[in-house]
Amino acid sequence: MGREPRPYGKDTSMKAFVNDDCIGCGACEGICGDVFTINDDDVAEAIEDDIPEECEEDAQEAADNCPVSAITIE
Ligand code: F3S
């Protein structure tokens, strides 16, 4: 009870988020510049769109390598 039906087919896309813990180290941009960019405030920003399929592994790697674990992929 209370569980959302799992999406099938196309609707399995992933998104990336950067939270306030980011210290702007730039590792994520280096690993996956298609998804993460350092913005004018010197912190990382993730693209608002879904992560392109071919970038999913890199985006996950960036999340794993962030020194302050500021990246969430979901
Ligand atoms: Fe920030 Fe972590 Fe990227 S500190 S710049 S989100 S690797």
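The model is a predicted one, in which local features need pLDDT of at least 70 and side-chain atom pairs count only at pLDDT 80 or more, while totals for chains, interfaces and linings use all residues. Residues are numbered from 1 along each chain as its sequence is written.

**Fold**

- The chain holds 2 helices and 4 strands, where helices (H or I, at least four residues) and strands (E, at least two) are DSSP runs numbered from the N terminus.
- Followed along the sequence, these elements give the pattern β-α-β-β-α-β.
- Of the 74 residues in the chain, 22% are buried; a residue is called buried if 20 or more other C-beta atoms lie within 10 Å of its own, exposed if 12 or fewer, and partly exposed in between, with C-beta atoms placed from the backbone.
- Among contacts in the chain with a separation of 6 or more, 58% join residues 24 or more positions apart, a contact being a pair of residues whose C-beta atoms, placed from the backbone, lie within 7 Å.

**Nonpolar core**

- The largest nonpolar core has 16 residues, and those with the most contacts inside it are Cys28, Cys32, Val35, Phe36, Ala59, Ala62 and Ile71; such a core is a set of buried Ala, Val, Leu, Ile, Met, Phe, Trp, Tyr and Cys residues joined through C-beta atoms within 7 Å.
- Strand E1 (16-18), strand E3 (44-46) and helix H2 (56-65) are the elements that give two or more residues to this core, and H2 supplies the largest share, 3 residues.
- Val35 touches Ala16, Ala46, Ile47, Ile51, Cys55 and Ala59, when residues up to four places away in sequence are not counted.
- Ile71 lies in strand E4 and counts as buried because it has 25 C-beta neighbours inside 10 Å.
- With residues up to four places away in sequence again left out, Ile71 touches Ala16, Val18, Cys28, Ala62, Ala63 and Cys66, and its C-alpha atom is separated by 8.8 Å from that of Gln60, 11 residues apart along the chain.

**The two sides of H2**

- Ala59, Ala62 and Ala63 are the buried residues named in H2, and they cover an arc of only 100° around the axis, which puts them on the same side of the helix; the arc is that of the directions from the helix axis to the C-beta atoms.
- Glu57 and Asp64 are exposed on the other side of H2.
- The cover over the buried residues of H2 includes E1, helix H1 (27-31), E2 and E4.

**Loop residues with positive phi**

- Most residues other than glycine have a negative phi.
- Asp42, in the loop between strand E2 (36-38) and E3, has a positive phi near 60°, and Asp42 is exposed, with 10 other C-beta atoms within 10 Å.
- Ser69, in the loop between H2 and strand E4 (71-73), has a positive phi near 50°, and Ser69 counts as exposed with 12 C-beta neighbours inside 10 Å.

**Ligand surroundings**

- There are 15 residues around the ligand, of which Cys22, Ala27, Cys28, Ala44 and Cys66 come nearest; a residue is near a molecule if its C-beta atom, placed from the backbone, lies within 6 Å of it.
- The shell divides into 13 nonpolar, 2 polar and no charged residues, where Ala, Val, Leu, Ile, Met, Phe, Trp, Tyr, Cys and Pro count as nonpolar, Asp, Glu, Lys and Arg as charged, and the others, Gly among them, as polar.

Key: Contact = placed C-beta atoms within 7 Å.
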